[in-house]
Amino acid sequence: MKPSRTADHASVAEVLVDEDAAAEDLTPEQLAAEWEAEGPPPGGRAAALGSTLVVTVLAAAAALLSLGMGLGTPQQPGPGLWPFLVSVAAVVIGLAHLVTGRRGGEGEKFTRESLLAVHGLVTLVGLVLLMPVIGFEIPALLLSFVWMKFLGGETWRAATLYSVLVVVAFYLIFISALGTSIPHLF
């Protein structure tokens, strides 16, 4: 005899409840071990060293470029001040990771999911190129939607709603409240 559809749903719900209950019974160490077993395989020391060097060099280049934008003074900061501070912090973290990271594990192996970071960078460059031409609203809406839907795996409804909310929040903060000179349509 074939089980009814209701019986199938009940058994799926019971399994989900059992998995949740089993996860709640684990100690923090057991839960950490379970997460580590489900994660990507370790990449090795060469991968960790290579990725740290890439980030450190990019941050150093960003610090040098931001110097060209002008740092200003603490009372009247220039457009390069915040990018410079963030870049210097990234360089310091990168250098610290080069020294202490050798004892901290082997990082994650580069997998197909590692390409998500490349896709994120390419779409971010697209935002930077389009903003002076058509303002920040449409590129920011598209970037936010692509990141949430395709990189973050959100539903169509959630990605659409959150993208609109992000752009409205950015508009209210940076254009209405702070009066920054970001190119905008409205």
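Over residues 121-147 the chain is 93% helix and 0% strand, yet the end C-alpha atoms are 10 Å apart. Helices (H or I, at least four residues) and strands (E, at least two) are DSSP runs, numbered from the N terminus. The model is predicted: local features need pLDDT of at least 70 and side-chain atom pairs count only at pLDDT 80 or more, while totals for chains, interfaces and linings use all residues. Residues are numbered from 1 along each chain as its sequence is written, and side-chain values use heavy atoms, with hydrogens and water left out.

**Annotated segments**
- The unreviewed UniProt entry lists residues 46-69, 81-100, 121-147 and 159-182 under "transmembrane region"; such annotations may be inferred rather than shown by experiment.
- Over residues 159-182 the chain is 79% helix and 0% strand, with the end C-alpha atoms 24 Å apart.

**Helix α5 and its end**
- Just after α5, G135 has a positive phi of about 85°.

**The chain as a whole**
- The chain holds seven helices and zero strands.
- Of its 186 residues, 17% are buried (under 20% relative accessible area, 1.4 Å probe, protein chains only).
- Among contacts (heavy atoms within 4.5 Å) with a separation of 6 or more, 54% join residues 24 or more positions apart.

How values were computed. Buried means under 20% relative accessible area, exposed over 50%, partly exposed in between (1.4 Å probe, protein chains only).
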